[in-house]
Amino acid sequence: MNRDELSEAVKAIIIDTVKHDDFVMSEELTATDVSGWDSLSHMSIITGIEQKFSVKFKLKELNKLKNMSSLLDLILSKMQ
Amino acid sequence: MLFNSIEFAVFAVVVFFLYWFLGRRSGRSQNIILLGTSIFFYGYADLRFLSLILFNVIINYLLGLSIRRCKSESKQQLVLITGLLINIGILCYFKYFNFFYDSIIDLLAVFGSDFAYSSLKILLPLGISFYTFQSIGYLLDIYNEEIEPCDDPLAFATYLTYFPKIVAGPIERAQRFLPQISHARQFDYQLAADGCRQFLWGLFAKVVLANGLENALNPIFDNVADQRASTLLVGAFLYLFYMYCDFSGYTNMALGISKLFGIRLSINFATPLFSTSISDFWRRWHISLSTWAMDYLYTPLTFIFRSYGKAGTMLAISITFFVIGIWHGAAWAYVAFGVLQAIYFIPLVTAGSVNQVNNYDDVLIPSPVHALKMLFMLCIIALAFLLLKTESVSGTLDYISAIVSADLFSRPEKFPGMLMMIFALFMLTEWLQRNREHALDIARIALPYRHIIYIVLLIMVFGLGEFDNSAFVYKQF
Amino acid sequence: MKSFLAKSILYISAILIVHIIAGYSAGGAIDAYYLRFTSPPQSSLIIGSSRAAQGLQPSAITAVTGKDIFNFAFTAHDSPYGPIYLNAISNKIKPDSTDGIFILSVSPWLVSSSSSAPEDVSTFRERDGILADMTEFSMKPNFEYLIKNYHHGWLKLFRKTRASTQLHEDGWLEITVNMDENKVAARKARKLEAYRNNSLPSNTPSQARMDSLRDSIRLLQQHGRVFLVRLPAGQEVLDIEASLMPDFDAQMRSVADDFRLSYLDFSGCADDYTYIDGVHLYKDSGSKLSGQIALLIDNDMAADRASYHLCSR
């Protein structure tokens, strides 16, 4: 899976969780750019990603995420 | 020294001049002045426990540095756990010792023990719940590599002891506070003027409304059995309003004072009385506590329980509110308060709408559905707050059963009309200004009108205010 | 910064000026104590708690004795016998006066302490009371009092009369309440409950307070004649007081003997008077009692230490 496909898949998971697609997927996207992506919904998105790509995160890794770019990096590093 | 006392007015003026005239050369001298005056402020209120807060400062400063110095993950974990145990241990000792002691004696009595009850009571050090939570957050942030440990003992001590927030918060984050005091602050007229406005609004809420409501409510709660049901019903809502006026009033005064020194504290209230769901309420009420609980309790817990779906979310919510409940105090009523909050969340969790943000920011008048939701929220929150007021589950049940009676439709007594009218105006202003940091954020209004508003508020504050009520409710938590 | 300071000073001065104007208009309707801190120093005083403050009317006493007397009694919380009240009294007496009359109202509560160390003066309850940190007792307007003890907004300072509680220039606190039988009975029941559940368990007779009573008498005898008075009260209250201090009357008699003064004990005449709550005399009864006491004082001035039949029965 390349980075663009991954990005699309993550986008689908976010849409599934926040129930709208009123945002533009980009490397700089942060949770605050997406209405409804707060600390409550954050974990549902993370769980969705974990299940979809069969990876396991550590809490510390999640805390360090800055934006979509670092999230994609993290997923890719886990998948290798 | 209450924010609404003459002593504090004198103190604030002295600090203001020291800070801007003596301390203007460097951030360091400004911090020295803030630390010195904060220690004076704390010692003036509670000399016995000054050493405890200073111990807290030193130990957390050293723990913060040593977490980062440890090379291996396991050593870091060890230091972190030591730090958490020290902080939580001190808090539990002072806050919960009496509770466990009493509970154990009650329990022994059940088994026929006649163990003599001694009135061994431990006093609660001022602000301990607030500064302990700040310390815990600080250590966790370092461990999670969110921040670097503070290597300036002066700045760190100023962060934990800063007098505008020491009594009852907000619970400040190091990453928000420390950068503001890392350099010399310049006097900013706009910020200082806004601070004065915010302080005035808080003072108004406290001395006119909170103290006025308290005077009206005391005779009712002192003698529940003799009241009309309608009086009790209105009284239950007014107690919630009283809590809001008291705590938001305190917070606005704290934030306002702090702005005079060029330091912005965190927003603690965002018109919670206009919430339309329970998750909405907790996003708006005591925000510095709820976000703290969110970041350091709920998020890790949901992470741990993430594979259990909705049940996991519910479990995380329950534990979080249990902690928020007992954070308020050591009594079964506070546990019940937390449990009740968790129960309120069940419908949201099952419907999957915990995260739904209600958007009514730009409407002048709420739609009937919104209005009904708000009313419903006021009902269930007022119910929960009765637990905080009566401090017992049975007292709350007695109160509610007294409401359900024939004279519920009689005219409520004992609420001064003038006070109710001022409260209505207060709520209207809060509604119209709900998208701003505080309701008196009126810098955009033309000059003469602005000053007319100040003068009207000042007349109400000093003319109608009650300055006797001893303390802010949240000081006791 | 300059503009900020200028505006702040403007607002702060305006607030101060309003408060000063309001302070000048403050009178007997602002609370139950203020005027006792504004009158000039006095040559004759009524001393005691709220029972004396409400029950003893200077005008009725002056009518008989011809001497101006000032009611300087407060509450059982603020003015039990002790160093703080003694200090206040010594500040309130005209320094060079020698022929005054001093009516010291006594009850077991006023010589008892509610702290766990009843002999330790530093634990006395009046330490957080209105007299505790006052230094100025005769100044009008008395801003020290207003700052320390008045906790309402300034609008109330302009109030000239108050229907329920009106403090008079001579220090008498006039209470006007509904004297309907049921209302009186309800107030009495609440009062008795408070005495039984709160006051009685927490109070212990205090030798230190007795010593202060003696010190007060010693001081006042330099300025005139002293009379000890036990005001009448409902029988239930007297019973509670008897369980607090069974030998109270004997102790008072011995004080009276030691100082060669009269102890006027009205506790046997409870039924001659009406009370608003079983304890405090209603104003018509207060006037009657004040006149009776004045007559006794007048006789006592003429004949030395007569024995009295106090009750009208």
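This is a predicted model: local features need pLDDT of at least 70, side-chain atom pairs count only at pLDDT 80 or more; totals for chains, interfaces and linings use all residues.

Modeller: Let me begin with a term: two residues are in contact if their C-beta atoms, placed from the backbone, lie within 7 Å. By that rule, 14 residues of chain B are in contact with 13 residues of chain A. Residues are numbered from 1 along each chain as its sequence is written, while chains are lettered from A and ligands numbered from 1 in the order in which they are written.

Biologist: Which helix of chain B gives the most to the side that touches chain A?

Modeller: That is helix 12 (residues 287-304) of chain B, which gives six residues. Helices (H or I, at least four residues) and strands (E, at least two) are DSSP runs, numbered from the N terminus. By class, the side of chain B that touches chain A has five nonpolar, five polar and four charged residues, where Ala, Val, Leu, Ile, Met, Phe, Trp, Tyr, Cys and Pro count as nonpolar, Asp, Glu, Lys and Arg as charged, and the others, Gly among them, as polar.

Biologist: And chain A itself, how many helices and strands does it have?

Modeller: Chain A has four helices and zero strands, so that its elements read α-α-α-α from the N terminus on. Its C-alpha trace spans about 30 × 25 × 20 Å along the principal axes.

Biologist: What does the radius of gyration say about chain A?

Modeller: For 80 residues, a compact globule would have a radius of gyration near 12 Å, and the 11 Å of chain A agrees with that. The radius is taken over C-alpha atoms, and the globule rule is 2.2 Å times the number of residues to the power 0.38. Of the 80 residues of chain A, 22% count as buried; a residue is buried if 20 or more other C-beta atoms lie within 10 Å of its own, exposed if 12 or fewer, and partly exposed in between, with C-beta atoms placed from the backbone.

Biologist: Back to chain B, then. What are its domains?

Modeller: The assignment gives domain 1 (6-186) and domain 2 (190-276 + 358-476) of chain B, with bounds that come from an automatic or database domain assignment. Taken over C-alpha atoms, the centres of these two domains are separated by 29 Å. Their contact takes 15 residues from domain 1 of chain B and 16 residues from domain 2 of chain B. On the domain 1 side, helix 1 (6-22) and helix 7 (163-166) of chain B are the elements that give two or more residues, and the largest share, three residues, comes from helix 1 of chain B.

Biologist: Which residues of helix 15 of chain B are buried?

Modeller: They are M377(B), I381(B), A384(B), F385(B), L386(B), L387(B), L388(B) and K389(B). Among the elements that cover them are helix 9 (189-222), helix 10 (229-260) and helix 16 (393-403) of chain B. Helix 15 (residues 368-390) of chain B has 23 residues and reaches 33 Å from its first C-alpha to its last, close to the 33 Å expected at 1.5 Å a residue, the expected span being 1.5 Å times one less than the number of residues.

Biologist: Is R176(B) exposed or partly exposed?

Modeller: R176(B), which lies in helix 8 (residues 174-177) of chain B, is partly exposed because 13 other C-beta atoms are within 10 Å.

Biologist: Now for chain C. What order do the strands of its sheet have?

Modeller: The order is 2-1-3-8-9 in an open sheet of five strands with parallel pairing, and two strands pair if DSSP finds at least two bridges between them. The edge strands are strand 2 (70-71) and strand 9 of chain C, each of which pairs on one side only.

Biologist: How many bridges join strand 3 and strand 8 of chain C?

Modeller: Strand 3 (residues 100-105) and strand 8 (residues 224-230) of chain C pair over six bridges, and I103(C) stands opposite F227(C) there. Strand 8 of chain C is also joined to strand 9 (residues 262-265) of chain C, by four bridges, with R230(C) partnered by D265(C). On the other part of the sheet, three bridges join strand 1 (residues 45-47) of chain C to strand 3 of chain C, where I47(C) has L104(C) as its bridge partner.
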